[in-house]
Amino acid sequence: MLQRLTKIKKGAIKFKLYDKSTIPYLQSTTLAESGLVDHGFSTRIGGCSTGSTASLNTAFHTEDSTENVLENRRRFFDIFNYDYRKIVSAIQVHGTDLAVFDSSNHGEGAFPDSTRRECDVLVTTEKGLPLAAYSADCVLIYIVSTEKPLVVLAHAGWRGTLGEIGPKVIAFIDNQYGVRPENLLVALSPAICRDCYQVDADTASKFASAGWNEQPYMETQADGTCKIDLKEMNRSQLHRCGVEKDKLDYSSLCTSCNKELFYSYRRDLGHTGRMIGFAALKL
Ligand SMILES: [Zn+2]
């Protein structure tokens, strides 16, 4: 296992895999070096879940028990010294709506019966408030302001990407907080790669209509289906609206290609767990 992890680590681009402990995790180099946020992205290794969700499943909306999910979250957040009972997350609906959270929201989303909002973008200016999102193929987008305390965690699948979730967040940050895109640090989590992500002709035509019909974003197959690259599209959108190239880290790791390391909704035909991404402004 360790040999394999070391081998694929070379493919990661400034989003490093730390695999020395029993709970491996990934971090963006740029975000870590900024000293502004605590953050991480989990793997499937080191948890207590079994079967289709083995082993570090962190989401309730799976074939796993609540007890296992909470224990796995505890193990993951213990690495970073955060209380898993105080994390904030939402019901992810593949949209582009956002919600702003403050200290009154600690724990919103930490338990199955917690109040949770339906949205795919979490925003906070509150220090020490851990925002959390879940994925198994989708891209998690971490955004940190170097201008004033502000962190965003967004979840982008194909619908969010087509809906321009990145540019919408950047515009919101600018309008609401006066933070310019050149003062943002961004990181994109591991997600499904283009070779593994085939969409039907109807979905492909939606992307083509939006102007993505070219390499490296799309690759049309002979049968009319299409392979799409979510990470490249999100990178392109973020750069287009002013995020500087050397301030955007991304992981080249594919969630579907790396079965030992990640859950993949596509590869596992929906019978799978979820990784967790979190970000919190340092106290
Ligand atoms: Zn792949």
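Predicted model: local features only at pLDDT ≥ 70, side-chain atom pairs only at ≥ 80, totals over all residues.

Residues are numbered from 1 along each chain as its sequence is written.

Let me start with the whole protein. The C-alpha atoms fill a box of roughly 50 × 45 × 35 Å along the principal axes. Buried residues make up 48% of the 283. Here, buried requires 20 or more other C-beta atoms within 10 Å of the residue's own, exposed means 12 or fewer, and partly exposed lies in between, with C-beta atoms placed from the backbone. Of the contacts with a separation of 6 or more, 64% come from residues 24 or more positions apart, a contact being two C-beta atoms, placed from the backbone, within 7 Å.

Next, the secondary structure. The protein has seven helices and 14 strands; these are DSSP runs numbered from the N terminus, helices being H or I with at least four residues and strands E with at least two. Five strands form an open antiparallel sheet in the order E1-E2-E3-E14-E6, where pairing needs at least two DSSP bridges between two strands. Which strands stand at the edges? They are E1 (15-18) and E6 (131-135), and because each has a single partner strand, one side of each is left without a neighbour in the sheet. E1 is joined to the antiparallel strand E2 (residues 25-28) by four bridges, and Leu-17 stands opposite Leu-26 in E2.

Now to the backbone. The peptide bond from Ala-54 to Ser-55 is cis, with omega near -5°; Ser-55 is in the loop between strand E3 (37-42) and helix H3 (66-79). A cis bond also runs from Gln-215 to Pro-216, with omega near 0°, and Pro-216 is in the loop between helix H6 (201-209) and strand E11 (218-220).

Finally, Asn-81 is not a glycine, yet has a positive phi of about 60°. Asn-81 lies in the loop between H3 and strand E4 (98-101), and counts as exposed because it has 7 C-beta neighbours inside 10 Å.
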